[in-house]
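Welcome, and please open your viewer. We will take the structure in steps, from the whole chain down to single side chains.

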Amino acid sequence: MSGGIDSSVAAILLKDAGWEVIGITYRIYDNPLDSDTEEETVAIKEAREVAERLHIEHHTLDLRREFRETVIDYFIREYSEGRTPNPCVVCNPAIKWTYLLEAADTLNCTRIATGHYARIGKENGRYFLKKAEDPLKDQTYFLWKLSQEQLARTLFPIGGLTKEEIRNIARSKGFARLSKKSESQEICFIPDNNYRKFLTDEIPDFEKIFKPGDFVDNRGKVIGAHKGFPNYTIGQRKGLGVAAGYPLYVLSIDPQSNKIILGSKEELGGSLLYATDINYMKRQTLCDGENLSVKIRYRNTGYDASVYPEGHRLRIEFRGKADAITPGQSCVLYEGEDVVAGGIIHSVRPEK
RNA sequence: UGUCCCAUUGUGUAAUGGUAGCACAGCAGAUUUUGGUUCUGUCAGUCUAGGUUCGAAUCCUAGUGGGACAA
C-alpha cells in the first residue's frame, strides 16, 4: 500500500471479496517526513490511515538499503554508461515482489496483491501478464521482468477496472480525498523530478568525470556543446540549446568519444534492436521470425516486428521505423493482450 | 587598395514603402508509476548615424561588420 488510490482500492476490493487482508508499506527512500509526528513519511502515514479505516493489519518495512543497492545504484550506473535506465522495471521484481513475498511467508499469507493495472493469465502451465482493462493505464510494460514464481502468487485486484471506476469505488467507500489525489508519480526517489540534478548530486566529482563535450551531426560536424552525457537520453529534444530551424533530437550517445549525435525526427527512427536479459512469460521460447507487437516505451501502442531468438538474446526487426530506440529501456513483446516476453534493449546497430 | 553582395528577436529566415510573421532554441504549464516524446501558452528583433516620404525593415548617403571577386 503506497497511500495512493490504486493500492487502497485494491485492498478494499480484496476485503470485500472476503480475503483476509494485511497491508504492507515500504519505505524505500528518505522522503519528506510528516510535519506533525516527524516520525513517518507522509505516504506511510496515509497508507496506515487507510489500513486503519479498513480495519486491516498493517506493517511498514524499511527497505532503504536494499532499494539503494539494487535500484538507485543501477540507475546511476546506467546513466554513467550512456544508457537510459528504467528503475520501475528493476524495482518491481527485485524489491516490490521479492519483499512482499518474503513478508507473505512470514505472515502466513498465500497470495500477494498490488495496485497495478494489469491482469494475469495462465495457459499450458505458464503464467503471463495481460494488458489491463483500461488501455490508458496499462502497466504491463513495467512488469515484464516478473518470474513465474512471482506471478503464480500475485493478484491484481484493479486490473479489470478503469481509472474512473477506481475513483468511483474510492468515493463510494468514503475515501473521497484519495479519489482526488493527483496521478503524478515520476521517479519515486527523486522528489523534485529533476533526475539530472539527482545525478550530479549523487555522483561524487560528477564534473570531473563527465566533462562537457561536442554535439555533432550525422557527418561529425560540431554543432554545439553538451554538459556531460549523463544529462541526456536518446530521443531528447528539450534542453539541447541548439537551433537548426527544425527540431533536433539526441540520436545516440558515445561515452568513449564523449560525443552526442543530434539529428532530425526522421533520423531518429530505427528498424532493428538487440535485446538481452530476456524473460519469457507466456511462451517458454520463440520461433524464428514470429510477428509480434513490440513496445519500446511506456506510452506507445507498440510496433509490428519480427522476432528472432539468437542465443540468450533477441533480434527484433521492425516492419516500419520505430521511434528513438533507447539502450537501457525495456522492450516488451505482446501477442494481442498477452505479454509473451520482455527484455532490455542492448544495442540498435547490426552485429555479427 | 578597387568593384560587387549582405546585415531583421539567442539562431535560421519572411514581409507590392504603410508600421514585423514563421521555425528552432529559451521559459512556463498540461500529460505521465522510468527517461524521452507530444500538446498548449509565452518572452524576445529590423547594425549605427543622417536623409527622402504623410509614412521605411523595405529608397538614398556615410559609417561599422561579414562575404565574393580583383595583382
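This is a predicted model: local features need pLDDT of at least 70, side-chain atom pairs count only at pLDDT 80 or more; totals for chains, interfaces and linings use all residues.

Residues are numbered from 1 along each chain as written, chains are lettered from A and ligands numbered from 1 in the order written, and side-chain values use heavy atoms, without hydrogens and water.

Now switch to a cartoon view. Chain A has nine helices and 16 strands, which are DSSP runs (helices H or I, at least four residues; strands E, at least two) numbered from the N terminus.

Next, select Phe-75 and Phe-189. These two have the most contacts inside the largest nonpolar core, a group of 60 residues. Such a core is a set of buried Ala, Val, Leu, Ile, Met, Phe, Trp, Tyr and Cys residues joined through side-chain atoms within 4.5 Å. Colour residues 87-106 as well: this is helix α4, which gives the most to this core, with ten residues.

Which residues does Phe-189 touch? Leaving aside those up to four places away in sequence, they are Tyr-29, Phe-67, Val-71, Ile-72, Phe-75, Pro-87 and Phe-198, where contact means heavy atoms within 4.5 Å.

For the last stop, select Ala-10, Val-50, Ala-132 and Leu-178, which are among the 23 residues of a second, separate core.

Methods:
Buried means under 20% relative accessible area, exposed over 50%, partly exposed in between (1.4 Å probe, protein chains only).
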